[in-house]
Amino acid sequence: MNDLLYEPLKYYETEGREKHKENVRAFFEELKTRSGVDAAQNKRTVTKYNEQLAKVQKLEKKLGRKKGLRVFLIVCAVVGALLFVYGVLENPLFLAIGIPLVVLSLLWIFLGLNKQIKNFASILEEERKVAKRLLDTAWQEMAPLNALFKERDAIDLLEKTLPEIDFDDFYSAERERELRELCGYAPKFDENRSVLDTLSGEYKENPFLFERYLIHRMGEEVYHGHLTISWTERYRDGNGNLRTRRRTQTLHASVTKPKPFYHEDTVLKYFPQGAPDLSFTREGLYHDDKSEKQIERMVKKGEKKLQKKAQEAMEAGKSFTEMNNTEFEVLFDALNRDNEVQFRMMFTPLAQNNMVDLMRSDVGYGDDFDFYKHKRMSVIHSDHAQRWKMQASVENYLSYDFDVIQKNFQSFNEEYFKSVFFDFAPLLAVPMYQDKPVKSLEPLKEYKVNYTANEYESLANRMDSAVLSAKGSKTRAILKANGVSHTDDADRVEIKAYSYRTEPRTDFIPVFGGDGRTHLVPVPWTEYIPVSRVSYIDVRKRKDTDGGDLTRSHGLLAKFFGYQN
């Protein structure tokens with residue numbers, strides 16, 4: 001056990017960050033050695049390719065200028081022809097301009113420019129072929145290294161740096177049973193939310209679950225339209241004479257109509273046994289950009305709020321008691337806690353100091369996290385996790401350039417570790433949350449499926465949306481999954497896809513104009529009409545012999561089966 005983890009910020013600064021950097025470097029060097037690639041040779045190839053690419057781009061610009069000149073000369077010839085016609089019909093003087101303009105423009109095009117353009121195009125095509133051969137060579141040189149990257153590399157490296165964290169191959173039915181039956185986790189069905197990705201595992205035998213959702217909500221969109229009107233009005237000028245003039249006015253109107261909106265959301269759920277009856281919520285204050293004096297003023301102002309709340313609680317016979325560490329109380333701001341004894345057991349002086357350090361530090365992401373606790377479940381919702389590439393696809397590394405591959409692999413895995421660590425950091429800040437659980441001895445009930453709805457939906461969301469969405473759908477689809485049958489290692493899964501087709505509409509809104517009349521202003525808008533489709537996929541564990549046409553997620557894969565009859 002690494003005792004530094006009881007002070008997560010200190011651990012990251014003094015050990016974790018550099019340890020992970022070194023682990024990533026060493027892992028990459030191992031892959032390089034196994035692949036047998038020649039980095040120096042690739043560098044020479046890439047240098048030649050870049051030089052050739054610059055040459056191609058220079059030729060493309062020259063060819064573009066030549067083609068632009070030809071267009072200009074064609075326009076000159078057309079203008080000359082028009083002047084010639086005008087000279088014949090109206091004014092012979094224009095013949096002296098029109099004829100030379102046509103003749104010179106066409107001579108330039110046909111006797112010189114076309115040949116130059118053809119020559120440039122031929123040279124450019126050959127130079128492009130040379131560039132492509134160099135690029136193909138560079139890809140071939142890096143193919144052995146690119147082939148060694150695995151989806152789980154980022155997870156394996158994280159586990160090497162932090163062996164206390166153990167990630168599952170996938171979110172299994174056994175893990176879900178554990179959360180439901182031993183931790184009181186009761187996820188609710190929500191047809192407005194679909195799971196995009198899931199990562200589960202244990203920290204010192206306490207289960208955790210990362211989830212990324214696609215969330216749908218109905219909102220409103222304001223559509224605008226306009227209509228230009230004109231009328232004739234009579235007026236008297238400065239001399240008293242009656243005159244008329246033409247007036248115009250653009251009338252504007254708008255309508256508000258329902259529209260679906262979609263956004264993604266990522267959370268970390270953790271299930272320790274400590275403080276099992278306590279619930280509270282706190283939201284990030286985003287004060288990391290404030291000065292020391294601003295923080296001090298915030299704390300002093302918050303102290304008065306705490307004293308008032310403590311007085312009100314005492315008068316009402318409630319249990320709220322202000323902590324001695326006022327800075328923690330104000331910055332953490334979990335004043336709606338419902339079990340004072342367990343809150344104090346959870347937030348020991350060390351935990352309070354750890355939390356203040358995290359919220360005040362600029363080493364990680366500052367106070368960008370919300371912390372929700374409901375009985376056995378603690379939820380961390382951070383801003384940085386919304387940007388985190390949860391699915392560590394090998395596409396994040398692949399390149400024809402060894403230097404680019406090395407840089408991408410290093411930077412991606414360093415950021416991956418940082419994001420995951422600082423989602424865990426508010427939990428690690430609480431020593432009680434690092435205690436190993438005393439697990440229930442009750443046997444787990446059997447499930448009728450091998451895998452979980454989370455994995456079903458995650459896999460379905462990686463498939464071609466056109467396959468699962470209803471015909472004519474114009475929006476993203478919320479996919480909801482339900483296992484309908486199973487064999488020893490495979491599940492048949494029903495996928496319901498909820499989305500919208502669209503129809504153009506126009507409302508005519510009456511608007512009073514400057515002509516003294518009411519006009520109907522057209523306002524075009526889009527109607528979103530709900531549509532759905534039911535289809536089926538088969539989900540099973542991945543085998544080494546599986547082809548590349550199957551959707552993969554961790555250790556699972558899915559294959560489209562068919563539509564509902």
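Helices are DSSP runs of H or I with at least four residues, and strands are E runs of at least two, numbered from the N terminus. The model is predicted: local features need pLDDT of at least 70, side-chain atom pairs count only at pLDDT 80 or more, and totals for chains, interfaces and linings use all residues. Residues are numbered from 1 along each chain as its sequence is written, and side-chain values use heavy atoms, leaving out hydrogens and water.

Arg-65 is exposed because its relative accessibility is 56% (exposed means over 50% relative accessible area, buried under 20%, partly exposed in between; 1.4 Å probe, protein chains only). Patches consist of residues with over 30% relative accessible area and no salt bridge, like charges being joined within 9 Å and nonpolar side chains (Val, Leu, Ile, Met, Phe, Trp, Tyr) within 5 Å. A salt bridge places a side-chain nitrogen of Lys or Arg within 4 Å of a carboxyl oxygen of Asp or Glu.

Next, display the nonpolar surface patch of about 1,100 Å², whose members include Phe-84, Ile-99, Phe-110 and Leu-111. H2 and helix H3 (95–146) each give two or more residues to this patch, and H3 gives the most, with seven. Leu-111 lies in H3 and is exposed, at 66% relative accessible area.

Finally, select Leu-145, also in helix H3. Leu-145 is buried, since its relative accessibility is 0%. Beyond neighbours within four places in sequence, its contacts (heavy atoms within 4.5 Å) include Phe-28, Lys-32, Phe-402 and Ile-405. The C-alpha atoms of Leu-145 and Lys-32 are 6.3 Å apart, although 113 residues separate the two in sequence.

Note on methods:
Accessible areas come from the Shrake-Rupley method with a 1.4 Å probe; for residues, only the protein chains shown count as cover.
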